Amino acid sequence: MSIEIANESGVPVDTDAVLAVARHALDEMGVNPLAELSVLLVDIDYMTELNHRWMGGDGPTDVLAFPMDEGSVDHGPGESSGPAGEPALLGDIVLCPEVAAKQAATAGHSAADELHLLTVHGVLHLLGYDHAEPEEEREMFGLQARLLASWRSTRAR
């Protein structure tokens with residue numbers, strides 16, 4: 001699994017933990033081990049610009065996911081996308097640690113925990129999950145909670 005991470009937010013972040021939770025989520029979801037993912041941590045100004053440009057939103061958001069062409073996603077060994085062994089380009093996850101820290105304070109947990117949650121959330125979006133409808137939300141958020149719990153249990157060992 002190739003995961004690139006760049007912290008351009010100006011905020012210190014444990015990028016190893018962000019990489020670990022992303023890798024765990026992708027492994028648990030059975031994503032092709034040759035898959036490639038990019039994670040970018042940005043400041044509030046840049047996240048505000050991205051949210052406005054791509055989502056039509058006002059102000060910054062916590063996470064954005066930019067999937068590559070959905071037809072190219074290889075969800076596991078049972079499917080192939082092109083020539084054998086060709087890496088699947090999943091896409092990009094953009095996180096805003098400053099927004100995550102504010103949400104974490106409201107939710108009563110650490111900023112690191114919020115970033116881990118948002119990373120898993122972004123991975124699920126890249127894999128085609130959404131939460132626009134109540135049934136989709138239940139499925140996605142339930143899966144998100146299970147992935148985070150299993151990741152935390154492996155770290156506690």
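The lining of the largest pocket is made up of 5 nonpolar, 6 polar and 2 charged residues, where Ala, Val, Leu, Ile, Met, Phe, Trp, Tyr, Cys and Pro count as nonpolar, Asp, Glu, Lys and Arg as charged, and the others, Gly among them, as polar. The model is predicted, with local features needing pLDDT of at least 70 and side-chain atom pairs counting only at pLDDT 80 or more, while totals for chains, interfaces and linings use all residues. Residues are numbered from 1 along each chain as its sequence is written, and side-chain values use heavy atoms, with hydrogens and water left out.

**Largest pocket**

- A pocket is an open set of points on a 1 Å grid over the protein atoms alone, where a 1.4 Å probe fits, with protein on both sides within 12 Å along at least five of seven lines, and its lining residues have an atom within 4 Å of a point.
- Of the 13 lining residues, M55, V63, L64, H125 and H131 lie nearest the centre of the pocket.
- Helix 2 (44-55), strand 3 (63-67) and helix 4 (111-126) each supply at least two lining residues, and strand 3 gives the most, with 4 residues; helices (H or I, at least four residues) and strands (E, at least two) are DSSP runs, numbered from the N terminus.

- The 16 residues of helix 4 should span 22 Å at 1.5 Å a residue, and the end C-alpha atoms are 22 Å apart, which agrees; the expected span is 1.5 Å times one less than the number of residues.
- Buried residues of helix 4 include E114, H116 and H121, where buried means under 20% relative accessible area with a 1.4 Å probe and protein chains only.
- Just after helix 4, G128 takes a positive phi of about 100 degrees.
- N51 is found in helix 2 and counts as buried at 8% relative accessibility.

How values were computed:
Buried < 20%, exposed > 50% of the residue type's maximum accessible area, 1.4 Å probe, protein only.
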